[in-house]
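Me: I have a chain open in the viewer and would like to go through its geometry with you. Could we take it topic by topic?

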Amino acid sequence: MAKKHKGPAIGIDLGTTYSCVAVWQDQNNTAEIIHNDQGNRITPSFVAFTNDQRLIGDAAKNQAASNPANTVFDAKRLIGRKFSDSVIQNDMELWPFKVVSGFDDKPEIIVKYKGEEKRLCAEEISSMVLTKMREIAEKFLESPVKNAVVTVPAYFNDSQRKATKDAGVIAGLNVMRIINEPTAAGLAYGLQKRESNIGKRNVFIFDLGGGTFDVSLLTLKGDSFDVKATSGDTHLGGEDFDNRMVHHLVKEFRRKNKVDLSGNARALRRLRTACERAKRTLSYDTEATIDLDSIHQGIDFYSSITRAKFEQMNMNLFEKCMDTVNSCLADAKMDRGSVDDVVLVGGSSRIPKVRQLLQEFFQGKELCKSINPDEAVAYGAAIQAALVSEGIKSVPNLILRDVTPLSLGVELQGNLMSVVIPRNTSIPVKKTKSYHTVYDNQSYVTIKVYEGERTRASDNNLLGLFDFSVPPAPRCSIPIKECFSIDSDGILNVSAEEETNASKKAITITNENGRLSREEIEKMILQAEIFKAQDMEFKKKVKAINALDDYLYKVRKVMEDNCVSSKLTTVDKEKINSAMIKGKSLIDNNQQEDAFVFVDFLKELESIFESSMNKIKKGK
Ligand code: AMP
């Protein structure tokens, strides 16, 4: 039986554009989505840096237009990828923040914080979002939270999964499980349906979010949830639809005004926000307007876009989604008529054209909209968190079997991919395959582990490699057993073993390709603590400044009252007035000061003022 974790456990949907957190409520027998400090059930996955503070979530997104170069989003599109990856190179064109190549081609984001340049990797940005989600939960639960289940797109590769786990560690979380987003949504849907005792059902999850697209086919039967196949695109979602609209309007602006706004980061940010809003409107209306005052060089920009135009500019992306649906069914060896329910998940599944194409694909079947597309993934993650937590009584004893999204194997002579674990195999899984040496007296074998579907090994994603020494012998006479195992988080371990002369050797590799080292993670944990301490200090300082400002206001009002001030001695009046001037100047020039300066000065001012007032009371 799997190990159970102590203490409260939350489910976090760490999204490209928005994140959501939920917790299982034993007393209510259900998972609950937790509101953030703004009263919102979803939180923008944004982090911003200013001269004096770090902002996460709504506060970061709200100031994005005025601070575009230091407002970071889309970390999920960077995580676990190389800087030279074409996906990153393309995305960079539209990011207002700077990304550079760091050690080992790892992308690093450059921001200015407290007047200094900082380099951060995607794991650190994601860890800040995770920390925010944890704090939202802690406030709601009124207790510290350590344990979490975090979701990832089903099509995330091994590097992206591990990098997400690292982000959790930097955030100080014990990531109990990494689960696939559509699987989590399937759990949420299945739990809802389970109550109506529906028997065996094939459920197709269509999850089109802000940055990623995932589909999964699950078979639900009683307490068993079996993923049959999964497919997707880790770079397809609402952001791409926004981008198309942004490009279209940049061109229109250039045509109308003969100037190019694309180099103006603030203008681009404002345009992008307006496009996202227009896109949402087009899900309910047939036309949306863009109205931006003085967007670039003092020029106002007014435009409108019809739903038909929006559909036309994104049609090839929508069709790409349907191709993925088709390939998932083919992988599951199931025809479309065998699917009982088609469940919509992810904010972009609200787009009418997407719904129409999907419904047509499933021969007119009514699409299921009974679960909230923005919240289902976090809801499912909270169910999974409850399942692996100690002491939760009311969660049903569900059994979830997921699959591995990509084939895993080794390179054979001639750059051929030899698959050890085919894609869509149920996990956890352990498979062994035997290979032989290929030369006479070969002294070692280099084992290269790949992930992907291409025949040529080098066209796939290299996860890692290691050398394995073998005793000299004629070719083909030394059998090498290679064992691949994937745990329930989808994380892979590979070991090799040779059995000659009764000797046995084994080496285990985990994919460390591009991954943060233990030391780097520790450094980042420390850095995260420094950021946290600075945030706390900033909050303390703002609180102290506000308290001093309130008190100064109160003193000023009293001093303006002639009845009181006329009773003060000249010395006391001067003392109070000069303290008020000092207080005001401290507030006006607050940049360099620490919180305690304001706290101490407030005490000093209180003491001066109170003692003068006491003298009046005593009639001195
Ligand atoms: P998610 O990652 O599931 O939170 O989805 C976020 C994405 O859904 C963003 O790109 C949003 O712009 C998009 N979205 C949310 N609501 C709508 C809507 N009504 N119509 C179109 N897209 C939407």
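Me: What is the handedness of the crossing of α7 and α9?
Reply: The crossing of α7 and α9 is right-handed, where right-handed means that the near helix is turned clockwise from the far one by less than a right angle, and left-handed that it is turned anticlockwise. Before going on, note that this is a predicted model, in which local features need pLDDT of at least 70 and side-chain atom pairs count only at pLDDT 80 or more, while totals for chains, interfaces and linings use all residues. Residues are numbered from 1 along each chain as its sequence is written, and side-chain values use heavy atoms, with hydrogens and water left out.

Me: OK, and at what angle do the axes of α7 and α9 cross?
Reply: They cross at roughly 130° and come within 10 Å, with α9 covering residues 307–332; the axes are lines fitted to C-alpha atoms, for helices over the stretch in contact, and angles run from 0 to 180 degrees between N-to-C directions. That makes α7 oblique to α9, given that angles under 35 degrees count as roughly parallel, over 145 as roughly antiparallel, 65 to 115 as roughly perpendicular and the rest as oblique.

Me: How do α4 and α12 pack, then?
Reply: Helix α4 (residues 122–141) packs against helix α12 (residues 518–560) at an angle of about 55°, and their axes are 11 Å apart. The two are therefore oblique to each other, and α4 passes α12 in a right-handed crossing.

Me: Zooming out, how many helices and strands does the chain have?
Reply: The protein chain has 15 helices and 29 strands, both taken as DSSP runs numbered from the N terminus, with helices being H or I of at least four residues and strands E of at least two. Its C-alpha trace spans about 105 × 65 × 55 Å along the principal axes. Of the 620 residues, 53% count as buried, that is, under 20% relative accessible area, whereas exposed means over 50% and partly exposed in between, for a 1.4 Å probe and protein chains only.

Me: What about cavities, how many are there of 30 Å³ or more?
Reply: The structure holds 8 cavities of that size, and about 110 Å³ of space lies in the largest cavity. Here a cavity is a set of points, on a 1 Å grid over the protein atoms alone, where a 1.4 Å probe fits but cannot get out, and lining residues have an atom within 4 Å of a point. Grid points are joined across faces, edges and corners, and the volume is the space filled by probe spheres set on the points.

Me: Which residues line the largest cavity?
Reply: The lining is made by Thr 17, Tyr 18, Phe 46, Lys 61, Phe 73, Glu 239, Asp 242, Arg 269, Arg 272, Thr 273 and Glu 276. The elements that give two or more residues to this lining are α7 and α8, and the largest share, 4 residues, comes from α8.

Me: And by class, what does the lining of the largest cavity have?
Reply: It has 3 nonpolar, 2 polar and 6 charged residues, where Ala, Val, Leu, Ile, Met, Phe, Trp, Tyr, Cys and Pro count as nonpolar, Asp, Glu, Lys and Arg as charged, and the others, Gly among them, as polar.

Me: While we are at α8, is Ala 274 buried or exposed?
Reply: Ala 274, which is placed in helix α8, is buried, with a relative accessible area of 11%.

Me: Switching to backbone angles, which peptide bond is cis?
Reply: The peptide bond from Ile 427 to Pro 428 is cis, with omega near -5°, and Pro 428 is found in the loop between β22 (426–427) and β23 (429–436).

Me: Where does Lys 258 lie, and what is its phi?
Reply: Lys 258 lies in the loop between α7 (238–257) and α8 (265–281), and its phi is near 60°, a positive value in a residue other than glycine. At 69% relative accessibility, Lys 258 counts as exposed. Asn 441 also has a positive phi, of about 55°, although it is not a glycine; Asn 441 lies in the loop between β23 and β24 (444–451) and, at 53% relative accessibility, counts as exposed.

Methods
1 Å grid on protein atoms, 1.4 Å probe; cavity = no way out; pocket = protein on both sides within 12 Å on 5 of 7 lines; lining within 4 Å.
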